[in-house]
Amino acid sequence: MSVTKVKKNNPIIVGQPVLLVIDIQKGCFLQRPANSSLEFMKDDSASYLKARTMIDAARAADVPVIFIQEIHRKNLIDYGRELDGDENIHCLDGQPGTPLAVEEMGIREDDYIIQKRRYSAFYGSELEILLKGLKAQTLIMVGGFTDVCIHYSFVDGHQGDYHCRVAVDCVAGSSQAAHDASLVAMEYLQHGALRSSEELIAAMQAHGAP
């Protein structure tokens, strides 16, 4: 017997929203290395570029924007178990693809930037302290990978009692299948977590309106 699932009607934004731009770095717009073990999604760069519309809308609505950068030391000491699976050395300090995509995302000198050594934006970083200072309640996420850094950050945000939302047209995964599966998993945790950039922009505009 099939069971009809009833989705909870959770609001898009609860309290103070914050936009997390996760790992949109120069490598997102460089040619993929021929020896890469990852499949990548078709037109993933277009999804990352579309995140700029979210950033601009957040600024216009006085929604704080936090840029997250994965970066690892040149001596490889802080990779931990990240190289045990499909991924090879990535986001190494000094590599062309590691810096944040400053021009593409319109990053300013006074923007909030968090560096991390693990996939989750929360793990071992100062993100939680910054979010508390901003009095954040809703985390809106864009960037990549959907199935890795977005998903892990979403789960940690969920377990920290934040309302988490993902702009589905502004994220990309290590593969289409992994992307799709992770979106399902995040929606399982919080109904209404998956939103279009248009929905989220409208919600931020309504939040910022007098």
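A: Helices (H or I, at least four residues) and strands (E, at least two) are here DSSP runs, numbered from the N terminus. The model is predicted, and local features require a pLDDT of at least 70, side-chain atom pairs count only at pLDDT 80 or more, while totals for chains, interfaces and linings use all residues. Residues are numbered from 1 along each chain as its sequence is written, and side-chain values use heavy atoms, with hydrogens and water left out.

The part examined here is helix H3, which comprises residues 127-134. Its setting is a protein with 6 helices and 6 strands, whose elements follow the order β-α-β-α-β-α-β-α-β-α-β-α from the N terminus on.

Within H3, the buried residues are Leu127, Leu130, Leu131 and Leu134; buried denotes under 20% relative accessible area, exposed over 50%, and partly exposed the range in between (1.4 Å probe, protein chains only). Viewed down the axis of H3, these buried residues fall within an arc of 100°, so they line one face of the helix. The arc is that of the directions from the helix axis to the C-beta atoms. An α-helix has 3.6 residues a turn, so residues three or four places apart point the same way. On the face of H3 turned away from the buried side are the exposed residues Ile129, Lys132 and Gly133.

The cover over the buried residues of H3 includes strands S1 (16-22), S2 (65-70), S3 (112-116) and S4 (136-144), where contact means heavy atoms within 4.5 Å. The buried residues of H4 are Thr146, Asp147, Val148, Cys149, Ile150, His151, Ser153, Phe154 and Gly157.

Lys135 follows the helix and belongs to the loop between H3 and S4. Its phi is positive, about 60°, although Lys135 is not a glycine. At 62% relative accessibility, Lys135 counts as exposed. Most residues other than glycine have a negative phi, and most peptide bonds are trans.

Asp161, which follows H4, has a positive phi near 70°. Leu76, also a residue other than glycine, has a phi near 70°; it lies in the loop between S2 and H2 and is partly exposed, with a relative accessible area of 35%.

Asp78 is buried, with a relative accessible area of 8%. Leaving out residues up to four places away in sequence, Asp78 touches His72, Arg73, Arg117 and Arg118.

Other loops and helices complete the surroundings. Glu39, in the loop between S1 and helix H1 (44-60), is exposed at 61% relative accessibility. Its C-alpha lies 5.2 Å from that of Ser175, although the two are 136 residues apart in sequence. Apart from neighbours within four places in sequence, Glu39 is in contact with Ser174, Ser175 and Gln176. Glu198, in helix H6 (residues 197-208), is partly exposed, with a relative accessible area of 48%, and touches Lys50 and Asp169, not counting residues up to four places away in sequence.

Finally, the scale of the whole. The C-alpha trace spans about 55 × 45 × 30 Å along its principal axes. For 210 residues, a compact globule would have a radius of gyration near 17 Å, and the value of 17 Å for the protein agrees; this radius is taken over C-alpha atoms, and the globule rule is 2.2 Å times the number of residues to the power 0.38. Of the 210 residues, 49% count as buried. Among contacts with a separation of 6 or more, residues 24 or more positions apart account for 78%.
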